[in-house]
Amino acid sequence: MSELQNQPRFPGIFSLVRLSAVLVVLSVCIGSACALFLWLLERATSLRIEHPVLLFGLPLAGVAVGLCYFWFGRDVEAGANLIVDEIHEPGAGVQLRMAPFVLIATVVSHLFGASVGREGTAIQVGGSLASATARLFRLRAPETCVLLTCGIAAGFGAVFGTPIAGAVFALEVLTLGRLDYRFLLPAAMSSIIADWACRAWGIHHASYPLVFQGTLNSDGSVSHVDIMLVVRVAIAALAFGLLSRVFAESVHRLAAFMKKLCKPPWLRPAIGGILTILLVMIVGNRDYLGLGVLPAEPGGASIVSFFGPTIYPWSWFWKLVFTVTVLATGFKGGEVTPLFFLGAASGNILAFLLHVPVDLLAAVGFVSVFAGAANTPLACTLMGVELFGAGDIVYFATGCFVAYACSGHTGIYLSQRIGTPKSAAWNRVCGMTLREARVPQIPARD
């Protein structure tokens, strides 16, 4: 299949003008919903740290959320993948109840200590509000596709405070290796407005201590491209790409195993909760619960900690185990912030092995592991610029592009279509979803 089938048509210029007012209101609503979500997450995290005993309620909390989805939310359980499918093949639409379901479920996960992220929630909130808006105004399928794409952009841009990356992410995540720039302008507008609305509510995003902004030359000037440093970053990016692949495949394979092991879907989170408690006892600390952006205890492992001089040799491994365990057993949230943790942690240890500035490689790993797992290298490069500054863009691009190339035809969003395979040997999967590409293909008989 050389071309993607069922590509959504793009509405004309007059339809876009008509959509502009709708997009403004929608984006403000999504940004405000993300602000509420981030505020609730902050409160839930604080309560969990203040009351460590809450961890022992994780199995029961998981079952309660699982039962709610089993009884009332089976048609929205697919989450972000459902939104991507709806954009490619418009059908029944995305139900509005997806937003409150995933928002509450994610806050509950964080309150009791599940190692999940937040981007999945933001994308689902944005997508469900966009779908409801399309139904309210009785928009046609092409206009609905625009709104859904803008919902992804607005949710992502607002929750991370990276509006430009959010707009490009919404385009890249739909089709691996191919961008449809027809959606770029409305997606950018939505992402920027949603980010503004989120910040207007007083939400502040985490800042990361990246000091390295170039190499000092003998004449006192600053060089932003050191060839040897680029080579070392590229070597590290090979590991980042492999880690992306290991993460995605671990989640998918363990989830498939859990479905065979435990038939009732609402009961699987109990297994994940019990395993999380056992893992905390094994490692002897709670560094790997929740988002992990800031340390729960002084000197603990966290994303911010990895930018400093202290070495955390096994933090990447433990975060991988904690996160795969809860995601594969059905806890709601997202994968991106744990991927940030994995990237920064692996960059922390690789920096000492490759003699690269620690803060630089932690930042490169932060965006590169996500780039490989989501197959969104351009968006992640821009995210690096928005979060850390433009001075190191060459290193961000190197890390993201190499990690993307090395992560294979897998990813955290299995509904992502393959537009341009990463190598000619994979041309047979062109037009498939990542889910379909993972199934071994049986050659046709003559």
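Predicted model: local features only at pLDDT ≥ 70, side-chain atom pairs only at ≥ 80, totals over all residues.
## Aromatic pairs

Let's start with the rings. A pair of aromatic rings is described by the distance of the centres and the angle of the planes. The structure holds 25 aromatic pairs. One of them brings together phenylalanine 160 and phenylalanine 340: the ring centres are 5.4 Å apart and the planes sit at 65°, so this pair counts as edge-to-face. It ties together distant parts of the chain, with phenylalanine 160 in helix H6 (residues 141-160) and phenylalanine 340 in helix H12 (residues 336-354), 180 residues apart. Both phenylalanine 160 and phenylalanine 340 are buried.

Tyrosine 288 and phenylalanine 322 make another pair, with centres 5.6 Å apart and planes at 40°, so this one is tilted. Again, distant parts of the chain are linked: tyrosine 288 is in the loop between helix H10 (268-283) and helix H11 (315-328), while phenylalanine 322 is in helix H11, and 34 residues separate the two. Tyrosine 288 is buried, as is phenylalanine 322.

## A cluster of rings

Which residues do ring pairs link into a cluster? The members are Phe156, Phe160, Phe169, Tyr208, Phe307, Phe340, Phe366, Phe370, Phe388, Phe396 and Tyr413. Phenylalanine 160 and phenylalanine 340, the edge-to-face pair described above, are both on that list.

## Charges over rings

The charged end of lysine 319 sits over the ring of phenylalanine 341, 5.0 Å from the ring centre. Lysine 422 does likewise with tyrosine 404: the charged end of the lysine sits over the tyrosine ring, 4.3 Å from its centre.

## Salt bridges

Side chains of opposite charge can pair when their charged atoms come close. For this model, the count comes to 7 salt bridges. One of them joins the side chains of aspartate 180 and arginine 182, at 2.5 Å from N to O. Aspartate 180 is partly exposed, with a relative accessible area of 22%, and arginine 182 is partly exposed too, at 37%.

In the salt bridge between arginine 199 and aspartate 195, the closest N and O atoms are 3.1 Å apart. These two residues are 4 residues apart in helix H8 (residues 184-200), so about one helical turn separates them. Arginine 199 is partly exposed, with a relative accessible area of 39%, whereas aspartate 195 counts as buried at 8%.

Over in helix H9 (residues 227-261), arginine 253 and glutamate 249 also lie 4 residues apart, about one turn of the helix. Their side chains meet in a salt bridge of 3.1 Å, N to O. Arginine 253 is exposed, with a relative accessible area of 58%, but glutamate 249 is buried at 15%. Elsewhere, salt bridges that share partners join Asp85, Glu89 and Arg417 into one network.

Arginine 118 is worth a look. This residue lies in the loop between helix H4 (98-112) and helix H5 (119-136).

Arginine 118 does have a polar contact, though: its side chain and that of threonine 337 are joined at 3.3 Å. Leaving aside neighbours within four places in sequence, arginine 118 is in contact with Phe37, Leu38, Leu41, Val159, Phe160, Leu291, Val293, Gly334 and Thr337. Among these contacts is Phe160, which also belongs to the ring cluster.

## Positive phi angles

Now for the backbone. Most residues other than glycine have a negative phi, and most peptide bonds are trans. Histidine 355 has a positive phi of about 60° although it is not a glycine. This histidine is found in the loop between H12 and helix H13 (358-374).

Asparagine 375, also not a glycine, has a positive phi of about 55°. Its place is the loop between H13 and helix H14 (377-388). Are these two residues buried or exposed? Histidine 355 is exposed, with a relative accessible area of 63%, while asparagine 375 counts as buried at 2%.

How values were computed
Residues numbered from 1 in each chain as written. Heavy atoms only, no water. Phe/Tyr/Trp six-rings, centres within 6.5 Å; stacked < 30°, edge-to-face > 60°. Buried < 20%, exposed > 50% of the residue type's maximum accessible area, 1.4 Å probe, protein only. Lys NZ or Arg CZ within 6 Å of the ring centre and 35° of its normal. Salt bridge = Lys/Arg side-chain N within 4 Å of Asp/Glu carboxyl O. Polar contact = N/O pair within 3.5 Å; in protein donor to acceptor, adjacent residues only side chain to side chain. Contact = heavy atoms within 4.5 Å.
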